[in-house]
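Hi everyone, thanks for making time today. I'd like to walk you through one model, starting with the rings and then moving on to helices, cores and a few backbone details.

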Amino acid sequence: MLMDTKDLDRLMDELNQLRQSENWTGLAERARECLKSEPDLPLALRALAQALERLGQKDCEYETVMSRLLELKDRVVDTAQRLSQYYLEQGNTVEAVRHLETALEAATAERHYDKIEELWLDMVDLDPHNLDFFFTIAEQLNGIKQRQRAAVLLQMLLPSTEERNDWRNRFRLLRRILEYTPKDQSLREPLVETLRRLHPDSPAMERVLDYTGIRSTRPLPEALAEVELFMNFLPGCYVRHPDWGIGLVKDLNMLDRRVIINFQKKRDHGMDVELAQNVVESLSAEDFRVQRAINPEGLSRMLREDPIGLIKLLLKSYGGALTAKEIKEHLVPALIHVREWSSWWSETSAALRGDKYIAVSGGALKKYVLREEAADDKDELLQRFDATKAPHDKVDQIYTYLRTTKKSDVETEVIRHFSRKIHAIAPSRRSRAERVELWFTNEDLKAYDPDIQSVNRAILDETLQDAAKLGSILQHLRYKSHQWQYAQEIQKTYPAEWPEIFQALLLEPAVQIRDELAAAMEQAGHAARILEVVDQALAHYRTYPPTFIWLAGRILAGEGTNWWEGKISPAVVIERLLLLIDYLTSQAKRREKDEAVWLRKVAGDARELIRKNHYALFKLHIQNADEAVAQSIYRRAMTNEGIDQRTSADLTTIVRARYPTLFAGSAAEGPTVPEGLLCLQSTYDRKRAELRRLIETDLPDVVREIETARKHGDLRENAEYHAAKDKQKLLAAQAAELKESMHIAKVVDPAEVDTSQIGFGVRFRISPSSADTVEEYIMLGPWESDPSRNILSYQAPFAQAFYGKRAGEIVNVELPMHTGQYEILSIDPIPPDLLDEISGREPDSGPEALATAQPSDSGHAADF
């Protein structure tokens, strides 16, 4: 309940009395008591922070309190500065700098000039290299008519650049200072000295200094502008033109303001200096692009002998950061053949991760960044962790560190840093599931450092009080271990009701711990509840697909026979899995994007169960299937929207091998159906365009969606992020399957088709002996197949019965949905207009476009 003004006044008086009496323990206790009912009351938070400081107890609680004040934007300058000091005392320079930046930005916005100078000096001591940040603050001061102050502050950075011999950044500083104080003559000498240092032992530079008058009495801004114009075109310097390539400056005539440049594609080209400044890019002699033009052999040797040095040169030449794809584009094929790239990059990228001057940043599209200063792995890890905004991303980074680091190598400082951050952010998260996830993550850290304190237990207990929300909270926990830990807490909290809760959870879609829930129920004597779930899942497998897939896995593996024995056979389970894959894939077409992604993912889980261990379970149980079930499985495998071509062929081949007599009619003597995947040129072009779209547009787009979604940490469980990740997996699978199909594809020219027998690219007419009718079909490939228009795939069972047959022959067909004798009446080329119509059809999209047969649940289409 919010306090009114009178209550706040009374609390303030009470807290002030405790301060005046220096009763810091009492002040902390009173503040904590107040925060139980008013967790975001700045007055109480400030009192608790002050008490902890005076008591020398600047620990996780202190960090949590101060971080919450900063989130509430309470006295930002003071709060951020104190937090910065706290992190500095903890040895966390990265966080100290980040909070110092926050304080300095706030002080500038609030025009606290004394604070600005104090904070600026602290920043100069901690991080003098970050010129871009200092320039930003200086420009803000300039915007509020504090140019002189900005210039004075920037001058404080000059000594550190001289100590590091960093003449490039020293020149940047002096130039910016001159912008703010154009009449400051004291800048003339350091500017001249810096320019000489940038071009040591350069007679041409000395001539520029003389000609421009920068060493004399000419106005300094005017002289410097002319120096900058000429200094990039000193004889011997390199430039790059977008069309003419790398150029070497041969001569500079300052009087005529002309420069002669020897470009790769335009020799001894004269240009006006002002024009050249706008159309060419100045490069150092060590730049990768220059070296590639003048010393390719040296780069090739460097690639073999010093690959890390080559990558550093490449990064330095292209702004300090490149993705792996961009690195490859610069090196292949100029320096390394594409066939050698994968092995070379695998070794080099592994070595890059251990280099102290290379940072790997970003999400799915990793960037390799060149650091100005060496940093160890721990600093890089903590910097990346602290820069991550979304709590679930922080949790992922924690578990990645624990998973990839030997327990003996786990650093206590890192673990405690993780824990401090969890303590700081957990209480303020709006999502209950996020708070629970953070609570369990911190508990897991205690296995590495027993001195870590638990996050306030009230965070967990509060979520357990609302029985109606338990299932939702548990399903939103992303880690299986967290789901089981939460389920165990449910058991303790609801000693009488937990079996009923567990039973309901078994049917929920996002539960990962069904085995654990069932084991707990069985052990406690609640097997009857499990049997109720089994009956529901078997009878309504379309309603509870994840539960049915879990149950199917146990049935096919021979586990829990007392649950299902006598109710269903493993072969029927396989049949229903195929039906479920078909149904889910079909439904995905009709649903909104997020739900469609989920449906395809569940279909993928069912598909993987069938493929498990190279179809081992499928092969085992098809042996005992009765013929009707085997026929149904065969039909479902052939006509399934959610089964790719290779899986369909594998499944049908296994069934045919076990039951050869069932399909004897489709295996009549005649030419063998060709291997590979036959198609028309137009179809191949469409599929190639589709693959290019997937690789160059759809996948990069979803990567950007993932990166954008990462920033939405406050969205409920960040559904956008998880949907984008699922979409990425789906698109990647589509691209892989399409790429595999294109690898075996063979283009057939219809003009060269042999029409003396039925095969790819013909139109044929048949007449069934049972009726006085004529049926007309076109035989093409699986990509062109459309049973609704009587366009057959040559791989379909019905089409295979006629493959290689000639006009006048009688064909016996015995297929699940197509039986009888047929006479072949005629075989013709496909008419050009009809071929054009087929070729002009819009390509299918989604995984169903890769299936051998088109969807159908009735009629002849199952055999097509």
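**Rings, helices and cores**

Let's start with Trp498, which counts as buried because its relative accessibility is 9%, where buried means under 20% relative accessible area, exposed means over 50% and partly exposed is in between, using a 1.4 Å probe and protein chains only. Before going on, please keep in mind that this is a predicted model, in which local features need pLDDT of at least 70 and side-chain atom pairs count only at pLDDT 80 or more, while totals for chains, interfaces and linings use all residues. Residues are numbered from 1 along each chain as its sequence is written, and side-chain values use heavy atoms, with hydrogens and water left out.

Which kind of aromatic pair do Trp498 and Phe502 form? The pair is edge-to-face, at 4.9 Å centre to centre with 65° between the planes. The rule is that rings of Phe, Tyr and Trp (its six-membered ring) pair if their centres lie within 6.5 Å; planes under 30 degrees apart count as stacked, over 60 as edge-to-face and the rest as tilted. Trp498 and Phe502 are 4 residues apart in helix 28, so about one helical turn separates them. Helices here are DSSP runs of H or I with at least four residues, strands are runs of E with at least two, and both are numbered from the N terminus. Phe502 is buried as well, with a relative accessible area of 0%.

By this rule, the count comes to 25 aromatic pairs. Take Tyr401 and Phe418: their ring centres are 5.8 Å apart and their planes stand at 80°, so this pair is edge-to-face. It links distant parts of the chain, with Tyr401 in helix 22 and Phe418 in helix 23 (residues 412–425), 17 residues apart. Both Tyr401 and Phe418 are buried. There is also one aromatic cluster made up of Phe764, Tyr777, Phe798, Phe802 and Tyr822.

The charged end of Arg289 sits over the ring of Tyr318, 4.6 Å from its centre, and Lys394 lies over the face of Phe385, 4.4 Å from the ring centre. To count, NZ of Lys or CZ of Arg must be within 6 Å of the ring centre and within 35 degrees of the ring normal.

Now for helix 27, residues 480–493. Its 14 residues reach 20 Å from first C-alpha to last, close to the 20 Å expected at 1.5 Å a residue; the expected span is 1.5 Å times one less than the number of residues. Which residues of helix 27 are buried? They are His482, Gln483, Tyr486, Ala487, Glu489 and Ile490. Seen down the helix 27 axis, these buried residues fall within an arc of 160°, so they line one face of the helix; the arc is taken from the directions from the helix axis to the C-beta atoms. They pack against several helices, including helix 22 (391–404), helix 24 (432–445) and helix 28 (498–506).

Let's stay with Ile490 for a moment. Not counting residues up to four places away in sequence, Ile490 touches Leu464, Leu470, Leu474, Trp498, Ile501 and Phe502, where contact means heavy atoms within 4.5 Å. Ile490 is also among the residues with the most contacts inside the largest nonpolar core, which has 98 residues. Phe418, Tyr486, Phe502, Leu577 and Phe618 are the others named there. A second, separate core of 90 residues includes Leu18, Leu27, Leu52 and Leu195. A nonpolar core, by the way, is a set of buried Ala, Val, Leu, Ile, Met, Phe, Trp, Tyr and Cys residues joined through side-chain atoms within 4.5 Å.

Next, a loop residue: Tyr541 is found between helix 30 (527–539) and helix 31 (545–556). At 14% relative accessibility, Tyr541 counts as buried. Leaving aside neighbours within four places in sequence, Tyr541 is in contact with Phe548, Arg576, Leu579 and Leu580. Tyr541 and Leu580 are 39 residues apart along the chain, yet their C-alpha atoms are separated by 7.6 Å.

Last, the backbone. A cis peptide bond joins Val332 and Pro333, with omega about 0°, and Pro333 is in the loop between helix 19 (324–331) and helix 20 (338–352). Arg257 has a positive phi near 55°, in a residue other than glycine, and at 24% relative accessibility Arg257 counts as partly exposed.
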